[in-house]
Amino acid sequence: MKQSNVDLLLLLLAIVVLATPAYSDLVLSKVERRIDVTSQIARVTKTLKVVNSGSESVSEFILTFPKFLGNNLAYLSVAQSEGKGKSKRTLANLSVEAANPKDIPDSISVYSVALPKPLDKGDTLTLDVIAAFTNVLQPFPEKISQGDSHLVMLQESAQYLSPYAVESQSLSIKLPSARIQSYTNLDSTTKLQGSELKYGPYKNLPEYSYSPIVVHFESKAAFAVAEKLVREIEVSHWGNVQVTEHYNLVHRGAQLKGEFSRLDFQARPNPKGESAFRHLLARLPPRAHSIYYRDDIGNISTSQMQSDSKKTEVLLEPRFPLFGGWKTFFTIGYGLPLSDFLFASEGKRFLDISFGSPMLDLVTDKLIVQVVLPEGSKDISVKTPFAVKQSQEIKYSHLDIAGRPVVVLEKDNVVPDHNQNIQVYYKFSNIHLLSEPLMLISGFFVLFITCIIYTRADFSISKSSASYLAKLQWDEVLATLQEIQSIIQKCLAAHDKLEASLRDLSRTGDIQTCKAARKSTDSLLKDLSKEVKPLMAFLQSSQSASHISPKVEELVAKEKELQEKLMAKHTTVVEGYEKKSSGRDIELRIASQQQKIAALRQEVEDLLEFIDEI
């Protein structure tokens, strides 16, 4: 937050103190605040000991945050507790609602907490407050180069902002490491112990006390944010719950300044990519099965899975490392046993399943949960532990007639604290389970009848007819085209191996192995070139292939030109390593070659697609 905003907030607070001493019946005898910023989410826990020092009973407690924090509040929970240490236990979670009292300015976010019973004169109670804030750890600087450390800034108040007087208050901030650039040192009570920063204790603070502090520190946490996440949970009464999650992910940390060097990153990944994150951890239910992970290109094999009786952990590695501002799109899916999540109660069935993403420390800007119920479900209702936007849709799948009802739940600014169970209640008759088997039986019956009619009827064409001979010639052309396609695909695979040898060279520096790969690829491509010549001769001599042979000739020529460009690139890179040139110099020398290679590769693939359609 800018200094001018801080000054404005202090001025408004001063006006409040002078003008509205309204909440004097309650006193906070002790306040303990703890802020955890080891991830991208700022988690604040508070223990408030409340005393009624007035003459009348009180049934409401006012909880306040500075507006710049309140605007980024993702999760808030208030509970009454008793005891201390290991004997401490939670009595009840209390109702919390946003409030807008007239005697508190707009620069403060206000929440009203309904007490479990009126607090009489002289009585005390202890409240445990848990809050999670997003977007409060601001990257500073906002843009960094590939090798720079990721620094963020936290702004808070050393003194607890409250409409009540505070007799004793302390604050501790848990940082990810002891590498701190700077912090606000208020007085002798400010202490830095390893990776923990402490302020206070402060005694006898008046209402609306506020003392701004700024902490500037290094964070290696993954600032992974799902700009949009769609979770589809499909219930099948045949024994399975299928979960499919579509992620639109972005790195919200400091943006990458300058160009990205893949060679430097692969050779020295730690000092040359500290701000990037390379993996995400998903914690799935214990009996998850049939897990897959893919993006628009296809399956991503760089993932690991560990499973035991309590959980299934999947370590997902994106196709490329994500730096600040970079985005990626991917899908994960898995199946769950129906018996673990579907139950019966009072004549209804209900699905009891988690709401949020299984990714640890992931922030979601917009979460859409679609619960697809079996066809024939009715009297649908939803129970959630927090407010969400609800609607219903219809989805048609295989063998559906009326469609399957879909419960759609939407929520913005979602954090892992929201990953609580929701319940979807509905009525379903087992008679609907028979509809799909009966449709399949009817379909097979019609198929068998059709086959019987087809085998007994004679639809043959005379083998001496012109149409039959033309068909035979066209079949030969198609077979030849398939052989040429297969040879070109083998050539493209050889190209990929040649490119892979260059990547291995950048990683290991083994020039001899790279040259050996070049020699092997040369030999293979020569053999494939010999195989394609008689096939081309047949196409050129066949009248049936006259309309397609020019395209095939163009395909073979483009592939030959692509070979030449790849060999030239390979020679340039190998010579660069032999001369011990830097990775940046080598990239500059092959930049124009790489553009031509990419263009030729696309032309070859387009021609292959054209021939494949024929």
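**View 1. The surface of the whole chain.** The chain's accessible surface comes to about 32,100 Å², with 52% of that belonging to carbon and sulfur atoms (Shrake-Rupley method, 1.4 Å probe). This is a predicted model, where local features need pLDDT of at least 70 and side-chain atom pairs pLDDT 80 or more, while totals for chains, interfaces and linings use all residues. Residues are numbered from 1 along each chain as its sequence is written, and side-chain values use heavy atoms, leaving out hydrogens and water.

**View 2. Overall build.** You'll find 8 helices and 31 strands here (DSSP runs: H or I, at least four residues, for helices; E, at least two, for strands). The radius of gyration is 33 Å, well over the 25 Å from the globule rule for 614 residues, so the chain is more spread out than a compact globule (C-alpha atoms; the rule is 2.2 Å times the number of residues to the power 0.38). Along the principal axes, the C-alpha atoms fill a box of roughly 110 × 75 × 40 Å.

**View 3. Around Thr364.** Thr364 sits in strand S27, residues 363–372. Thr364 is buried, at 3% relative accessible area (buried means under 20%, with a 1.4 Å probe and protein chains only). Beyond neighbours within four places in sequence, Thr364 is in contact with Ala226, Leu229, Asp412, Asn413 and Val414 (heavy atoms within 4.5 Å).

Definitions and conventions:
Buried means under 20% relative accessible area, exposed over 50%, partly exposed in between (1.4 Å probe, protein chains only).
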